[in-house]
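Hi,

Here is the structure I promised to send over.

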Amino acid sequence: MPTSVLIADDSEFMRNLLREILEGEFEIVGEAENGVEAVDLYGEHAPDIVMMDIVMPIRNGIEATTEITEEHPDASVIMCTSVGQEEKMKAAIKAGAEGYITKPFQKPNVLEAINDVVPA
Amino acid sequence: MYVDIQSLGEFSDLASQGADRAADALGQLAGANVYVDVTDVTLMAAGDLHESFAGREFVGVEIGLQGGISGQTVLAFELDAAESLVERLMPGGGDGEFVRSGVTEAGNIMTSGFIDGWADHLGVGIDMTPPAYVRASGTDILPDGVFDDDRQGVFMFESQVSSMDEDLEFAIYMLPEYAGFTDMLGHDGPVGEAGDAVPVNKLPTFNRMTEQGAASAADNITMMTGTETDVDVSRLRFVPVQDVPAELGTETVAGTVFELHGDPSGYLAILFDEASAEEVAGGMIPTETEPGIGDMEKGALRELGNIMTSGFIDGWANVLGTSIEHTPPQFVHDMGSAVMSPLVTRLGQTQDHAFIIDSTVRTPDGNVRCDIYALPDQRELAAALDRIEPPATDGGLPR
């Protein structure tokens with residue numbers, strides 16, 4: 001069974017790009033446009049991996065990650081964001097993120113990050 | 001309120017590094033060879049921004065900042081550059097919403113690259129709001145809050161980014177919230193020795209003074225050539241010394257340069273593009289001459305520069321309460337960056353960053369353009385500004 005992935009990003013362009021990278025090798029179980037949707041979709045699908053943006057409306061990615069990992073300690077979240085601030089990286093790790101990749105990224109960066117968290 | 005020049009220099013360097021990261025991000029996204037031309041800090045009254053942005057159409061991304069720095073960042077593409085970017089990101093295009101999403105995300109990624117360095121330098125987190133797509137003319141591209149008080153000072157970090165491959169050019173304008181930024185860099189009184197800090201509340205007055213000097217120089221052109229001219233833009237920027245030549249680009253210019261002696265000392269360059277130089281010199285020479293810039297034209301431009309310089313610096317000297325002398329004019333005819341390099345080399349022996357006071361004089365039809373660049377000694381200018389009377393409630397000298 002392929003690894004299942006939830007994509008959470010407020011940018012349609014970026015969701016599209018991630019989908020193109022992941023489709024075929026992974027099962028995309030849902031796409032969220034904000035942190036609230038990400039939490040809801042996680043509860044619905046319990047994906048193996050969440051690709052989580054940080055800067056999103058309504059609820060940001062760090063808050064959503066905290067909520068997901070508190071409710072589901074086994075959840076695997078990879079931050080996938082344009083933000084490269086050290087403080088934010090620390091906050092993401094504290095929230096329970098297991099990986100962190102910064103945009104813009106190439107396909108190998110994404111696959112490597114996923115492989116680090118969920119080895120093939 | 002005083003802003004420490006060393007801190008301003010550090011933030012200028014951070015902005016420059018941030019712009020490099022933003023350009024790298026764009027290069028990766030768009031598959032283009034992108035580089036930063038120059039990054040500078042403009043200090044001006046908010047009301048003066050209108051002239052800098054007038055008549056330009058932009059597509060951009062606006063992001064609000066909270067935390068370590070408050071304010072707004074706008075990343076703006078000229079309209080044709082945005083179209084090039086879209087073609088690069090989404091060959092063949094897409095529907096309007098998807099295109100906007102692509103431009104917005106590209107702006108978001110570049111802006112993050114810009115902000116990250118500031119956050120890490122300050123050792124704080126800077127929260128960013130989700131990016132908002134904006135398309136607007138002139139200063140409408142800038143956040144509304146900037147114009148809450150037109151007399152309020154503005155720190156505008158501006159980076160010009162270009163591509164070697166095609167006409168993909170854009171600017172990053174970062175406008176930190178004035179009060180918060182000056183609180184972070186500022187002091188209530190002078191720090192260190194005289195000239196170590198800039199009294200920012202006096203900058204609007206200084207800008208008015210520079211505008212009046214440029215207006216006087218424009219009047220001189222009109223009187224001597226019969227060509228009606230007016231001041232288009234006048235602003236005070238803070239730039240790493242080594243970046244000053246790049247500000248002038250590779251276009252060939254003709255004009256005069258002067259060394260200033262007094263308080264402040266420094267350099268002044270009065271430069272025309274070649275066509276403008278010929279037209280202006282032609283207006284001063286009563287007889288028909290060969291096309292090009294010959295000895296007659298050089299002499300005319302020297303004389304014009306001499307008179308314009310006096311008109312320009314007399315206002316400074318009067319307001320600053322000092323005496324400023326200038327050397328005889330030295331004629332220059334070369335690429336703009338090559339004209340500026342020797343001046344900068346000398347200035348760079350004593351300072352890492354430079355204030356550039358930059359005024360553009362144009363004819364209404366745009367056929368004649370003259371750029372006046374003043375490069376005062378940084379410490380002497382700061383010390384001289386300190387002696388200006390505090391701005392009046394109307395923001396300083398009459399507009």
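Predicted model: local features only at pLDDT ≥ 70, side-chain atom pairs only at ≥ 80, totals over all residues.

Residues are numbered from 1 along each chain as its sequence is written, and chains are lettered from A and ligands numbered from 1 in the order in which they are written.

Chain B has 11 helices and 17 strands (DSSP runs numbered from the N terminus: H or I of at least four residues for helices, E of at least two for strands). Its radius of gyration is 21 Å, close to the 21 Å the globule rule gives for 399 residues, so chain B is as compact as a globular protein of that length (the radius is taken over C-alpha atoms, and the rule is 2.2 Å times the number of residues to the power 0.38). Buried residues make up 51% of chain B; buried means 20 or more other C-beta atoms within 10 Å of the residue's own, exposed means 12 or fewer, and partly exposed is in between, with C-beta atoms placed from the backbone.

Chain B splits into domain 1 (2–187) and domain 2 (197–386), with bounds from an automatic or database domain assignment. Their C-alpha centres lie 28 Å apart. Where they touch, domain 1 gives 24 residues and domain 2 gives 22 (contact means C-beta atoms, placed from the backbone, within 7 Å). On the domain 1 side, β2(B) has the largest share, with 8 residues.

Now for the two chains together. Chain B puts 20 residues into the contact and chain A puts in 18. On the chain B side, α4(B) brings the largest share, 12 residues.

Finally, the largest nonpolar core has 167 residues, and those touching the most other members include A:Met52, B:Leu85 and B:Val154. Such a core is a set of buried Ala, Val, Leu, Ile, Met, Phe, Trp, Tyr and Cys residues joined through C-beta atoms within 7 Å. Leaving aside neighbours within four places in sequence, A:Met52 is in contact with residues including A:Ala8, A:Gly61 and A:Cys80.

Cheers

Technical notes. Contact = placed C-beta atoms within 7 Å.
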